[in-house]
Amino acid sequence: MADGAAGRYLAIADHGLIGDLRSVALVGVNGTIDWYCCPRFDSPSVFASLLDADRGGKFELAPTVPAETKQFYFPDTNVLITRFYAYDGVGEIQDFMPIVGDPTEAGRHRLIRRVLCVRGKLPFAALVAPRFDYGRAHHEVRCDGDRTVFGCHMLTLALTSSVEVTVDGGDARAEFTLAEGETAVFALDRVSDELRPGPARWPRRRSSSPRPCATGGAGWPARATGAGGGRWCTARR
């Protein structure tokens with residue numbers, strides 16, 4: 001790998017692993033999930049920038065100011081903590097995938113990212129950029145109440161957040177600032193097959209500019225419901 005390319009990829013040793021006994025995600029020390037397959041270990045990828053930084057897909061979440069980082073697990077758990085030490089404060093991301101039901105059976109899959117400001121005050125940014133099937137499958141995005149729904153012919157994922165999310169092309173973005181003791185939460189859920197819309201239900205119109213999609217509040221998190229009835233935000237990626 002050329003030196004320039006090597007600088008864009010973290011070493012495997014610079015990752016923590018989270019999972020729910022059905023699927024797995026890798027979280028870099030920079031706060032980016034650069035590998036995630038769903039709903040099984042052998043499923044095609046949702047995020048795979050570990051393999052292709054340009055087209056693989058990723059879930060970035062980190063302070064927007066320079067910071068030193070440290071990664072460790074909460075004792076006796078699979079809750080991964082990525083801590084950021086910046087000049088103006090200390091923040092951390094708590095990543096985990098709850099185990100629900102029998103792990104040998106198909107069921108709910110949920111990836112949760114909780115951001116906490118431990119000390120001071122820090123600005124954060126998030127980018128949720130799925131690229132289904134190793135970047136080979138087109139996907140579309142729509143707003144469904146307080147959820148941002150990413151879908152393709154093989155898989156649908158719903159993002160809920162306690163902060164406002166803006167749709168930008170086929171991705172979702174958020175910028176927010178946390179003071180000491182404040183938190184923000186992102187949850188990415190697999191929408192079960194019986195609730196997924198068919199291919200004809202996905203929109204055909206395009207949106208060239210970012211627009212607000214979901215605003216957090218007392219209603220978070222929303223219970224997964226049918227995929228119909230939402231406001232389309234963007235079209236095919």
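**Backbone first, then the pocket**

I started at D133, which is found in helix α2 (residues 132-135); helices here are DSSP runs of H or I, at least four residues, strands are E runs of at least two, and both are numbered from the N terminus. This is a predicted model, where local features need pLDDT of at least 70, side-chain atom pairs count only at pLDDT 80 or more, and totals for chains, interfaces and linings use all residues. Residues are numbered from 1 along each chain as its sequence is written, and side-chain values use heavy atoms, with hydrogens and water left out.

D133 is not a glycine, yet I read a positive phi of about 55 degrees. Buried or exposed, I asked of D133? D133 counts as buried because its relative accessibility is 12% (buried is under 20% relative accessible area, exposed over 50%, partly exposed in between; 1.4 Å probe, protein chains only).

Next I checked L21, in the loop between β1 (15-19) and β2 (24-28). L21 also isn't a glycine and has a positive phi, about 75 degrees. At 54% relative accessibility, L21 counts as exposed.

I then found a cis peptide bond between C38 and P39, with omega about 10 degrees. P39 sits in the loop between β3 (33-37) and β4 (45-47).

Last, the largest pocket: 20 residues line it, and N30, T32, K58, E60 and L127 lie nearest its centre. I noted β5 (58-63), β9 (110-129) and β14 (171-179) as the elements giving two or more residues to that lining. β5 has the largest share, five residues.

Notes: On a 1 Å grid over the protein atoms alone, a cavity is a set of points where a 1.4 Å probe fits but cannot get out, and a pocket is an open set with protein on both sides within 12 Å along at least five of seven lines; lining residues have an atom within 4 Å of a point.
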